[in-house]
Amino acid sequence: MGELLTLASRDVSDVEETWRQFVPSAALQKVDPRTFAFDWTSAALPGFSVVKYRLAASVQSAIEPEDQLMACRVASRGAWVGTPGGDLNAGLPWLALDGPTTARWQRQADVRAFVFDRADAQEQARCMTGDDRFSLRSTTVAASPENRDLAAHWERVFQHAAGTLFTPGPSAAIIEADLQRHALHTTLAVFSPAFVEALQRSAQRTAAPRTVRRAIAYMEQHAHEAITIDDVALAADISPRGLQYAFRRALDQTPMEYLRRQWLAGAHPRLHVAWVV
């Protein structure tokens, strides 16, 4: 079960201290304390956190994640978000990966964010795409989504994840791994055209042979068991979709077709013995 944290405070230092538990580089600047009020809710899982808070104050904040991938939305009238490369559309979610990102708003803001461990997110992205060379860097992700439809999709997924993880109960514990994967998939699909291209690419290049070998080894070792393609994909450290692409590229057949042949090959000796007896 994820670690749930709720906090309400009027102490300026609480905001920075709390944020730094999730993003160590977080810093508050130019805070107007006269109307300051802070309401925070977060859920922390291994390698993934969901953060939602309301901050009543005029504030400028800055982050510069090093080992993290952070997708964020600052909902506030008159908000401004900027990077060294230029200003971002403050009405949309944005992604912080390399370099500083600064946000500024007046009076009040509702802030929501997904925070991923960067190394873990990259490994998951490689499994999703079947591309062992895919990397999270400034050339494969963008700071802003390409359009408002993608931004709205990210918002819907955030609300779903937050609504589930912020409500204690057995159901959240059961599906939290799926929520993490869904949140990452959505974040990358919204901010990384390269990720989308890798998902859609039917040709598996250098990653395919190694992935296929891992899958074949698992099939041959477990052909006598009632395994599924999901089991094979998990053993090969790739998504089921990526496994399909890899097999098509390397063997011109589906994983299920190969698995059926393994089952038949294993059944032949048993059929022969039964006939002789």
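Residues are numbered from 1 along each chain as its sequence is written. Because the model is predicted, local features need pLDDT of at least 70 and side-chain atom pairs count only at pLDDT 80 or more, while totals for chains, interfaces and linings use all residues; side-chain values use heavy atoms, with hydrogens and water left out.

User: How many helices and strands does the chain have?

Analyst: Helices (H or I, at least four residues) and strands (E, at least two) are DSSP runs, numbered from the N terminus. On that basis the secondary structure comes to nine helices and 11 strands.

User: What share of the 277 residues counts as buried?

Analyst: Buried means under 20% relative accessible area, exposed means over 50%, and partly exposed lies in between (1.4 Å probe, protein chains only). Of the 277 residues, the buried share is 49%.

User: What percentage of the contacts with a separation of 6 or more comes from residues 24 or more positions apart?

Analyst: A contact here means heavy atoms within 4.5 Å. Among contacts with a separation of 6 or more, the share from residues 24 or more positions apart is 73%.

User: How many salt bridges does a search of the whole structure find?

Analyst: Side chains of opposite charge can pair when their charged atoms come close. The cut-off for a salt bridge is a side-chain nitrogen of Lys or Arg within 4 Å of a carboxyl oxygen of Asp or Glu. One of them joins R20 and E16 at 3.8 Å, N to O. The search of the whole structure gives a count of six.

User: Which residue forms a salt bridge with D98?

Analyst: D98 sits in the loop between strand 9 (94–96) and strand 10 (101–105), and its partner is in helix 2 (residues 118–129), 20 residues apart. The closest N and O atoms are 2.7 Å apart, and the partner is R118.

User: Which residues belong to the salt-bridge network that includes E155?

Analyst: R112 and E155 form a salt bridge with the closest N and O atoms 2.9 Å apart. R112 lies in strand 11 (residues 108–117) and E155 in helix 3 (residues 148–165), so the pair ties together parts that are 43 residues apart in sequence. Both R112 and E155 are buried. Salt bridges with shared partners make one network of R73, R112 and E155.

User: Which residue caps the N-terminal end of helix 3?

Analyst: The buried residues of helix 3 include W154, E155 and F158. At its N-terminal end, a side-chain oxygen of the capping residue lies 3.1 Å from the backbone nitrogen of D149, and that residue is N147.

User: Is L259 buried or exposed?

Analyst: L259 lies in helix 9 (residues 255–276). Leaving aside neighbours within four places in sequence, L259 is in contact with M219, I227 and I229. Its relative accessibility is 0%, so L259 counts as buried.

User: Which residue's side chain does Q124 meet in a polar contact of 2.8 Å?

Analyst: A polar contact is a pair of N or O atoms within 3.5 Å; within protein, one must be able to donate a hydrogen and the other to accept it, and residues adjacent in sequence count only if both atoms are side-chain atoms. Q124 is in helix 2, and beyond its neighbours within four places in sequence it is in contact with Q180, R181 and L184. The side chain joined to Q124 at 2.8 Å is that of D120.

User: Which element gives the most to the lining of the largest cavity?

Analyst: On a 1 Å grid over the protein atoms alone, a cavity is a set of points where a 1.4 Å probe fits but cannot get out, and lining residues have an atom within 4 Å of a point. The largest cavity has a volume of about 140 Å³, a volume being the space filled by probe spheres set on grid points, which are joined across faces, edges and corners. It is lined by 19 residues, of which W19, Y53, S61, A62 and I63 lie nearest its centre. With four residues, the element that gives the most is strand 10.

User: What is the phi of R107, roughly?

Analyst: Most residues other than glycine have a negative phi. R107, in the loop between strand 10 and strand 11, is exposed with a relative accessible area of 70%. Its phi is positive, near 75°.

Technical notes. 1 Å grid on protein atoms, 1.4 Å probe; cavity = no way out; pocket = protein on both sides within 12 Å on 5 of 7 lines; lining within 4 Å.
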